[in-house]
Amino acid sequence: MSEKVNITGLTAEELKAFVGSLGEPPYRARQIIAGARGRRLGSFAAMTDLSREFRTKLIQHAVVTTLVLESRYLSSDGTRRYLFKTHDKLPVETVFIPDERRDTICFSSQSGCPLQCTFCLTAQLGLLRNLTAGEIVEQVIFALNDAYGEAVKTPRGTNLVGMGAGEPFLNFDALIKAIRIMAEPNGLHIVPNRVTISTAGVVPRIRELATIPDRPHLAVSLAAPTDELRNELMPINKKWPLKELLSACKDFEKSLKPKERFTFEYVMLAGVNDSDKQANQLARLLNSHTLRAKVNLIPHNPAEPLPYHPSSPERVETFRQILESKGILAFVRRPRGRDILAACGQLAARGTPEESRLVLISA
Ligand code: SAH
């Protein structure tokens, strides 16, 4: 890519300023949003309600997409994984998870990830770089277009989860900007109430998120009921240990709407964090803060060379029942897209067996 502006990363106000700099009136910004995000058109040429001269000007100075699809994988359960390359050739992965009532798109906030969670494959990439707001929004537009076609109205509601590669709260400004862009009523119109952001526990940003009026939902990855074990599994715990993390969650609770809860995610690693004792410890920990939260138990998604195995379904269920018996809402998350390395913690820019690959487009 040259120095052209990626308009997918511009808010409505920024777009107005940009069209102004090209000598055009502000309403042009609205037209571009309707075309590029409302109808999800991938090029200025397709925006035929704009004059030919203006389109030519736009093509000279701006782009609508920057990510290039490298591979696309289809799971036996209908989940799709996209592997893109950025203009500087870094990997970005996105997962589309269809369900009867709604679709969920899991986007990445960083290329790679700087956190060293021992159970997560993305950690092995290290941090390559933060993604821009435009690169975040592009992922969502691409997934919807792949599922339904450009300019086609989506038949179901779309939920977004910021649970792909990276730590969203270490790329906070771009993340919040992308969420604002995706909420535009004449654009994608995916409101923050449909968005959940997962953090490994960047405490100051949990507090900051609470102050944002129209904010997404929060999920916090726990993975362990004690500092000792969490230090080992999620080294970020050494910086923000459980006490500080849960105290930030307690503060965040004040920003919850009447029926809203926030979520704790707990990856279930066989023989590591899934005993009855640990279920009791977890219940005690959460109850000591009386948080309006629920716990999602995520059976570990294995991938070579991660040294873990998923807890058995019986173990997960027993763990869940112990939490429930202590008054904690707990659910078991069904893994999706494991066969194509699309499930939680499996994103590491890898290929999979040929038959699951739908297309290969060379960049
Ligand atoms: N960095 C953020 C978001 C990305 S991870 C975070 O840590 O929350 C999204 C979720 O996947 C987290 O809850 C994480 O604990 C979980 N996860 C990571 N690796 C996993 C694996 N191999 N199996 C199951 N869940 C995993």
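**Exercise 1.** Determine in which hand helix 4 passes helix 5 and which residues make the contact.

*Solution.* Step 1. Helix 4 passes helix 5 in a right-handed crossing; a crossing is right-handed if the near helix is turned clockwise from the far one by less than a right angle, and left-handed if anticlockwise. Helices are DSSP runs (H or I, at least four residues), as strands are (E, at least two), numbered from the N terminus.

Step 1. On the side of helix 4, the contact (heavy atoms within 4.5 Å) is made by Ala-133, Ile-136, Val-137 and Val-140; helix 5 contributes Ala-174, Leu-175, Lys-177, Ala-178, Ile-181 and Met-182.

Step 2. By class, this contact of helix 4 with helix 5 has 9 nonpolar, no polar and 1 charged residues. Ala, Val, Leu, Ile, Met, Phe, Trp, Tyr, Cys and Pro count as nonpolar, Asp, Glu, Lys and Arg as charged, and the others, Gly among them, as polar.

The model is predicted: local features need pLDDT of at least 70 and side-chain atom pairs pLDDT 80 or more, while totals for chains, interfaces and linings use all residues. Residues are numbered from 1 along each chain as its sequence is written, and side-chain values use heavy atoms, with hydrogens and water left out.

**Exercise 2.** State where Gly-134 lies and whether Gly-134 is buried or exposed.

*Solution.* Step 1. Gly-134 belongs to helix 4, which spans residues 133-148.

Step 1. Gly-134 counts as buried because its relative accessibility is 2%; buried means under 20% relative accessible area, exposed over 50%, and partly exposed in between (1.4 Å probe, protein chains only).

Step 2. Beyond its neighbours within four places in sequence, Gly-134 is in contact with Asn-6, Thr-8 and Gly-9. From Thr-66, Gly-134 is 68 residues away in sequence and 8.4 Å away in space, C-alpha to C-alpha.

**Exercise 3.** Find how many aromatic pairs the whole structure has, and describe the pair of Phe-96 and Tyr-148.

*Solution.* Step 1. The search finds 8 aromatic pairs. Rings of Phe, Tyr and Trp (its six-membered ring) pair if their centres lie within 6.5 Å; planes under 30 degrees apart count as stacked, over 60 as edge-to-face and the rest as tilted.

Step 1. The ring centres of Phe-96 and Tyr-148 are 6.3 Å apart and the planes stand at 80°, so this pair is edge-to-face.

Step 2. The pair links distant parts of the chain, 52 residues apart: Phe-96 is in strand 5 (residues 91-98) and Tyr-148 in helix 4. Both Phe-96 and Tyr-148 are buried.
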